[in-house]
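Here's a quick briefing to read with the model open. Grab your viewer and follow along.

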Amino acid sequence: MTKAIVIHEYGGPDVLKWENVEVRDPGPGEVLIKHQAIGLNFRDTYHRSGSYKIPGDKFPAIIGSDGSGVVEAIGSDVFGLSVGDRVVYGNGPMGSYCQFRVMPAEFVLKLPDDISFETASAMMVKGMTAQYLLKQSFKVKASDTILIQAAAGGVGLIMIQWAKFIGAKVIGTVGTDEKGGIAKNYGCDHTINYVKEDFSKRVRELTNGMGVDVVYDGVGKVTFEGSLDSLKERGFLIGYGNASGNFPKFDPLILMNKGSLYFQRTSLKNFVRNREELEQVGGELMNLVSKGIIKLEVDRTYPLRDAQQAHTDLVDRKTWGSVVYIP
């Protein structure tokens, strides 16, 4: 018997319950992991609320995507992993909000000794998201100017550093002057406090009226129109989250009228589809973190039992950077 955060229905943070759960032995192709740290991602709030449906709407359910820990047991037909290995994962079946879990080995990577469990749990979903956004959805070049919405968030801070490593110019939106300072400390060339000014107008000023090559928008509903208005002709709007609500339905003619624009709504599962892609994307991320090119900022940690408070603080924008649970 072990402990986990379990939900029995969709709803607010109060549906997150600290309960006893059974953990089975690993079967063929599986490993049992004792978690040392667990990541909190904004999409966890979507699964909790029902904005993203839990597969099959099956309850009770355990949410969560990022986890790191130590291999406690191994099933048959598992290769490349041993009991005692430090490991991390960030894709595959959800269910990381627990002290122990059985995980398909195909989604588990060895964790280098120079990366802590807390950093590992903060980096996988956010870091692999940053990788596919910057290098697959739209391949950012040194000559590009990009706009990152919510630049002081967990994904945003990683994207700033990665984009600057590529050589691009980075503009970021933030909700407070304090978060603007944080984004600049991580390399953002310009920050815009969207509470105080029209961010699309300011983007035009910063780009001599041209607009940016690409906007990365994890906010959704409230930023959609401004994101489109920030783009140059034939620019790209890449949506990867909907913190303010889903992107609105729209007439495709709006893309033509605003400059023959492109719009893509993405999911990590379409860019890390198999073991080969996991090793490539995850390996590239861990290499940059190990070298210190990308630094992960863990704003705060919560005991896993306090997941309700963590979700409340995340949705209320009381956090920045990454948040990690300690099981």
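His-35 touches Gly-67, Ser-68, Gly-69, Tyr-89, Ser-96, Cys-98, Gln-99, Arg-101 and Pro-327, leaving aside residues up to four places away in sequence; contact here means heavy atoms within 4.5 Å. Keep in mind that this is a predicted model: local features need pLDDT of at least 70, side-chain atom pairs count only at pLDDT 80 or more, and totals for chains, interfaces and linings use all residues. Residues are numbered from 1 along each chain as its sequence is written, and side-chain values use heavy atoms, with hydrogens and water left out.

**More on His-35**

- You'll find His-35 in strand 3 (residues 30-40); strands (E, at least two residues) and helices (H or I, at least four) are DSSP runs numbered from the N terminus.
- His-35 counts as buried because its relative accessibility is 3% (buried is under 20% relative accessible area, exposed over 50%, partly exposed in between, with a 1.4 Å probe and protein chains only).
- The His-35 side chain reaches the backbone oxygen of Ser-96 at 3.5 Å.

**Aromatic pairs**

- Searching the whole structure turns up 12 aromatic pairs; rings of Phe, Tyr and Trp (its six-membered ring) pair if their centres lie within 6.5 Å, and planes under 30 degrees apart count as stacked, over 60 as edge-to-face and the rest as tilted.
- Tyr-97 and Tyr-325 make an edge-to-face pair, 4.9 Å centre to centre with 70° between the planes.
- That pair links distant parts of the chain, 228 residues apart: Tyr-97 is in the loop between strand 5 (86-89) and strand 6 (100-104), and Tyr-325 is in strand 15 (residues 322-326).
- Tyr-97 is buried at 0% relative accessibility, and Tyr-325 is buried at 0% too.
- Phe-250 and Phe-263 are edge-to-face because their ring centres are 5.7 Å apart and their planes sit at 85°.
- Phe-250 lies in the loop between strand 12 (231-239) and helix 7 (253-257) and Phe-263 in strand 13 (residues 262-265), so this pair ties together parts 13 residues apart in sequence.
- Phe-250 is partly exposed at 28% relative accessible area, and Phe-263 is partly exposed at 26%.
- Phe-224, Phe-247, Phe-250 and Phe-263 form one aromatic cluster.

**Helix 2**

- Helix 2 (residues 117-137) has 21 residues and should span 30 Å at 1.5 Å a residue, which agrees with the 29 Å between its end C-alpha atoms; the expected span is 1.5 Å times one less than the number of residues.
- Because 18 of its 21 residues are buried, helix 2 is largely enclosed by the rest of the structure.

Technical notes. A polar contact is a pair of N or O atoms within 3.5 Å; within protein, one must be able to donate a hydrogen and the other to accept it, and residues adjacent in sequence count only if both atoms are side-chain atoms.
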